[in-house]
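Subject: Handing over a structure

Dear colleague,

I am passing on the structure below, together with notes on what was found in it. Please keep it open while you read, as the notes go from one region to the next.

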Amino acid sequence: MPVLDQEPSKGLQSGDVNMYFTVHIWISSVHWKMHERIKCFTNNKGCMVFNYRLLDFYDILLEEMIHHTLIKYSLFLSQFTNSANSCCQQVQLHLYAFKIRKMLELTQFCMSRTAQALPKLPLPALRDTLEMYLRCMKHLLTEEQFNKTQHVVQKFGAPGGVGELLQSKLMERRDKQANWVYDYWLKDMYLNNRLALPINSSPVMVFPQQHFKAPIDSLRFAAHLISGALEYKTLLDAHALPVEYARGQLAGTPLCMEQYYRLFTSYRLPGPERDTLVAQESSVMPEPEHIIVACKNQFFVLDVVINFRRLNERDLLTQLEKIARMADSKEERLPPIGLLTSDGRTEWAESRSVLMRESTNRDSLDMIERCLCLVCLDDASGLELNDTTRATLMLHAGGAAKNGGNRWYDKPMQFVVGADGCCGVVCEHSAFEGIVLVQCTEYLLKYMIGSPSKLVRAASVSELPAPRRLRWKCTPDIHKLLASSADRLQREVNNLDMNVHKFNDYGKEFIKKQKMSPDAYIQVALQLAYYRCHGRPVSTYESASIRRFQQGRVDNIRSATAEALAFVRAMTDGKLGTNDAEKMEMLQSAISAQTKYTILAITGMAIDNHILGLRELAHELKMEKPEIFKDEAHLISNHFILSTSQVPTTVEMFCSYGPVVPNGYGACYNPQSDHIIFSVSSFHESSQTCSAEFVKILVQGLLDMRDLCNKCNRGSNPTEQRQGILFSL
């Protein structure tokens, strides 16, 4: 427990000794009572678990301490002075400041203990990983490729070989670090990637279409959104988010919460070879908090705390109106510096170094990098808005000709409010996973429709200082860099092939009635669609959360299983002559294989993180690159032509992202009770892909799978079907 040993009355001029004495009596009492009750808030391993009952209990004790201390101190002062009330007010302020500090200490202490109570990520046995690697790759390789790979893998895993040496070093690393793969994974997945963030890396959440009747309506929406974000940040600052527990497979396990605390406190700093994820450290007396508002490619500092008061929605709206008027001033308008952040990471790092030569630019960069988030007030795009165009605009903002300069892609959270009602969130992905983005945005949308209880807002600040426009000193070199960035972004805009489809024929409830996991079922449907489009299976990525472990992020579910291939061949190649009962058996086998691998992944026993750790450790030890990592199979296994992710929501919105390879698809899906939203992306420059065609064939495959289930279950007892095991998400 944190020791309550600091006198809240420090600095008072009268009655210090008596005040200290009284406070220490009550502090000792509180500490003793907490010690007696602490058993109520521990798990079966004796580790403290964050619990609101604990905070409530602590809060009551502190209030009791303050109440009795003030009574005793007031009685004491009344014997000697007529200014007892004034002195008591001063003491009361100190006591409540003390209470706030202690409550924060307790919540932070409990949260840290809860995180430590999570197990470390396990390290799979080398033999198990190598065997699974061969099993996953055999049907994706030619016979000649597989024979070579089998030999290379056997050599790597031989007793006394390189594999055993690297495995032993990984075991040492696991003993020393909270998560043995986290740093390797973060660099490999994000920080080493030199591609531009929009489309290639940054996912987006697309809100329902808004219908603004006048310009003020979009500003009201933005003010409401900012207010909700500040409410959410208050929960984060107090470490008051309840611990989440796993759903679906192996439900009920507590999950690591640390990703949430990077939502408003991190920044991706570009580097010439590798980026850096910068996490801001909180301090006892932080500077006034601010957000950056982007409007007409200009950036403005909006202080959300003034004179120690958080702005309410009316004040936020007033400030946003001022910003809109300032942005309309063409005489003051500066070049669209935000375009530079849309460039490749190496190019942006070089451009940033040029900007940093001027002190004015350094100051502006500092304000952006330290802000809580961005709010992007976009101009109307002029496009006919539907799900596909809104997702497209969220991903790249329409390029330099539209709102491409109205972004700063290094910040984790950019809330977009379009004058035409196109709204959503752009996420820099290195700081946290999609589920964190979903939970935050769901909170905001529910807040905005009045679902959650709202905290009491501060009174209006009468004298609001004007927001500040960020200034840039642009040399001819910077203008050239801006032109290059605009051209490259436009090429990305022209290249993106997006298709968002709402599949209305059935949803996850139908799948559950078949006693199948909805996620596994949809993954098999994606395998069927790709095979029917291209006539072959490909390496497939499906993200699997490993937040059951300390600092857990994700591993990969390898959905292109041999069992899935057998099923999709039977459903596609008519010459095989497979009957419906056999196809149904193959479908069940494919779903079973998918489910088993999912469990391996979420329990930390999948192969991708392990192989990554072995490879990176060999590089770290300056070893000659082992043959297994130069083998063609390793390249094929990591070329994820099909990059998939389930992003379910409880409110109306959906997630989109781009492909991860030039000839690939990004396939995000949101299963609901009676429908499934698919967001499929690819690149026009690839002659091998077409998003519309993929969606068309995916829809037909889902209908064929439904018909197969209905045929084979027609003779089943409907009551038994309803009472079957219902797989959750």
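Two strands are said to pair if DSSP finds at least two bridges between them, and helices (H or I, at least four residues) and strands (E, at least two) are themselves DSSP runs, numbered from the N terminus. With that in mind, Leu377 stands opposite Val417 in β9. Please note that this is a predicted model, in which local features need pLDDT of at least 70 and side-chain atom pairs count only at pLDDT 80 or more, while totals for chains, interfaces and linings use all residues. Residues are numbered from 1 along each chain as its sequence is written, and side-chain values use heavy atoms, with hydrogens and water left out.

The protein as a whole

The protein contains 22 helices and 18 strands. Of its 729 residues, 55% are buried, where buried means under 20% relative accessible area, exposed means over 50%, and partly exposed lies in between (1.4 Å probe, protein chains only). Among contacts (heavy atoms within 4.5 Å) between residues at least 6 apart in sequence, 76% join residues at least 24 apart.

Strand β8 and its sheet

An open sheet is formed by 8 strands in the order β11-β5-β4-β8-β9-β10-β1-β16, with mixed pairing. Its edge strands are β11 (468-469) and β16 (654-656), each of which pairs on one side only. Strand β8 (residues 374-378) has 5 of its 5 residues buried, so it is largely enclosed by the rest of the structure. In a regular strand the side chains alternate between the two faces of the sheet. In β8, Leu374, Cys376 and Asp378 point one way, whereas Val375 and Leu377 point the other way, and all are buried.

Strand β4 (residues 290-295) runs parallel to β8 and is joined to it by 4 bridges, and the bridge partner of Ala294 in β8 is Cys376. Strand β9 (residues 413-418) also runs parallel to β8, with 5 bridges joining the two, and here Asp378 has Gly418 as its bridge partner. Together with helix α12 (residues 387-396), β8 and β9 make a right-handed β-α-β unit; right-handed means that, with the strands pointing away from the viewer, the path from the first strand over the helix to the second runs clockwise.

Helix α18

Helix α18 (residues 580-602) has 23 residues and reaches 33 Å from its first C-alpha to its last, close to the 33 Å expected at 1.5 Å a residue, a span taken as 1.5 Å times one less than the number of residues. Its buried residues include Leu587, Ile591 and Tyr597. At the start of α18, a side-chain oxygen of Asn579 comes to within 3.2 Å of the backbone nitrogen of Ala581, and just after the helix Gly604 takes a positive phi of about 80°.

Two single residues

Met326 lies in helix α9 (residues 313-328) and is partly exposed, with a relative accessible area of 24%. Leaving aside neighbours within four places in sequence, Met326 is in contact with Phe300, Pro467 and Arg469.

Thr689 has its place in the loop between β18 (676-683) and α21 (691-713), and is buried, with a relative accessible area of 10%. The side chain of Thr689 reaches the backbone oxygen of Phe683 at 3.3 Å. Leaving aside neighbours within four places in sequence, the contacts of Thr689 are Asn663, Gly664, Tyr665, Ser682 and Phe683.

With best wishes

Terms used:
Polar contact = N/O pair within 3.5 Å; in protein donor to acceptor, adjacent residues only side chain to side chain.
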